[in-house]
Amino acid sequence: MTALDPVRPTTLPAAFAAGLGGAVPRPVTPRLPVRGRPARRRRRAAAGGGALPAVAPLLAAHRAAYPDADEGELLRGYEVAERLHRGQLRKSGAPYITHPLAVAMILAGMGMDTTTLVAALLHDTVEDTPYTVGEVRADFGEQVAVLVDGVTKLDGERWGDRAEAETLRKIVLAAAADLRVLVIKLADRLHNLRTLGFQPAHKRARYAAASQELLVPFAERLGIHMLKREMDDLAFAARDPGGHAATARAVRAALRGAEPAFGAALGRLRASLAAHRVRARVAIRPRHLYAVHQEREGELAGLRPCDAARLLVLIDGGEQDCYVALGAVHAAMHPIAGRVKDFIALPKFNMYRSLHTRVISPDGDLLDVIIRSRAMHPVAEYGIVAHLREAGPGAVAGRRDLVWLSRLLAWEPDAPSAAFLDSLRADLAAGDVAVFTPAGEVVALPSGATALDLAYALGPETGDLCIGALVNGRLAALSAELRGGNVVEILTEPGAAPSEDWLRFAVTAPARVHIRRSLERRRAEEAAAGGRARLRRALAGRGADLLAAEARGVSLAVARDLGYGEADDMYAALAAGSLTVEDLLARFARA
């Protein structure tokens, strides 16, 4: 085996190990030995008739992960989708069915279940054909219907400019019930990015930008790095074709010298691992192009192999063996102080677990090394998909790596369409820092987040009542910027309330949405109180009592007659000048 060979865990689909080769492969056919009852599978497949040649690669990929899967359902899903999309073409001129088939193939390569693949085949039928969600439910069952409905776009003619925001809001809500909705959406976006070259230039740039701002962060949040890497690179190519081409040339040139450049380091590292009695495989892992472009800020002159690739050490053992391997790496090559990151003891928000270190190679280059066990590798590459495959879609609720989704759901219903996408971009922003509560809870926040953002991350009630914070035991203002590893206690006080000033330093969407809502509620209450006082004085001048009228239900009846839901809404309208005192006095007199 050479240093560039992929490493394939023996108990998982080969696609789960594909990330070791660097670039994400196009639809992968896993190579596990086929188990189960081949004769019965052949009988099921034979029922597909003429559909079999087109769908055979999908069946083969799915069979490798699920030898006993019901291929008949896949065939039926393909046949229905092909019939409904017949006559429709992609921008490339290819039959439209090639798109849902490609999406299903991406998901099969990731090891997704039969229900997900059937939904992927049907995911555009409700949007682009007369087929309805009810018909999907009748033909394929409730789970497939929920998934198809979740990824179906809202009607642009009906929703207008709000369609994009409300469609994404709908996907988020559906993903809360079944994460497979979001996984299908990501695979759908990946294939659309792969075929983006057939779109006009201005649409390519806009679509790529939206992908990097909204969909790629979702892939990262779910830990699906094999999707994130390819989506990043494809979007980079669409947004900056020249920069992408230049980076690709520079990386190819650098990697041509990878074997000799890494040779001495590999030799020392393998010898040190053996001396420490650690069984492991070491591979050169090329970095994806967008990561290189970002790190170098477009400056590609003198790009060396160590800038274009890292070493991945895959351990045959457990967590302790990873730490022993870290010691072996540092014994072989001098470590750079402060550049060790322990994502095993403190996993990232998406449960990514590995050890990262930077060392000086025998040739004097700075070299990044990643260490993880075989058990950690599928999660590091496929994130939540690995958990879905092992435990099923119903077993991921309440996971710590999905707390971000719960917090997103806590604020998104209150955000108007116009603000939803901007708030979502901010909430999904990269560069998260992990802070701790005194109880040991880990909370992921975006870079630049303040103590106030943490307060609202812990809950709207905590946020609305907060007055300050203790950061590492020291008193700090709510505007204090938090850093990774800080232990933060939020101080609250009954009767406290949000201030307009808070919007100046609140960073996260949950904080800003809840602050605005609290301020609007308070302004509405103040307006209602002012309008009520004005009406009370006017009625008293005529010898009438507003309190008695309220007790008899007169105020509410007048409000409803004017089209207001509550009496307070009517009082607020009076304060705002939308109603006159004279009009209300006349109505109260008639009541």
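Is Glu297 buried or exposed? Glu297 is exposed, at a relative accessible area of 70% (buried is under 20%, exposed over 50%, and partly exposed in between, using a 1.4 Å probe and protein chains only). This is a predicted model, in which local features need pLDDT of at least 70 and side-chain atom pairs count only at pLDDT 80 or more, while totals for chains, interfaces and linings use all residues. Residues are numbered from 1 along each chain as its sequence is written, and side-chain values use heavy atoms, with hydrogens and water left out.

Let's stay with Glu297 for a moment. Its phi is positive, about 55 degrees, although Glu297 is not a glycine. Most residues other than glycine have a negative phi. Glu297 sits in the loop between helix H16 (289-296) and helix H17 (305-308); helices (H or I, at least four residues) and strands (E, at least two) are DSSP runs numbered from the N terminus. Arg277 also has a positive phi, near 60 degrees, and is exposed at 78%.

Now to the charged pairs. The whole structure holds 24 salt bridges, each a side-chain nitrogen of Lys or Arg within 4 Å of a carboxyl oxygen of Asp or Glu. In one of them, Arg374 and Asp316 bring their closest N and O atoms to 2.4 Å. Arg374 lies in the loop between strand S6 (366-373) and helix H19 (377-382), and Asp316 in the loop between strand S2 (309-315) and helix H18 (319-332), so this pair ties together parts 58 residues apart in sequence.

Asp368 and Arg358 form another salt bridge, at 2.8 Å from N to O. Here Asp368 is buried at 16%, and Arg358 is buried at 16%.
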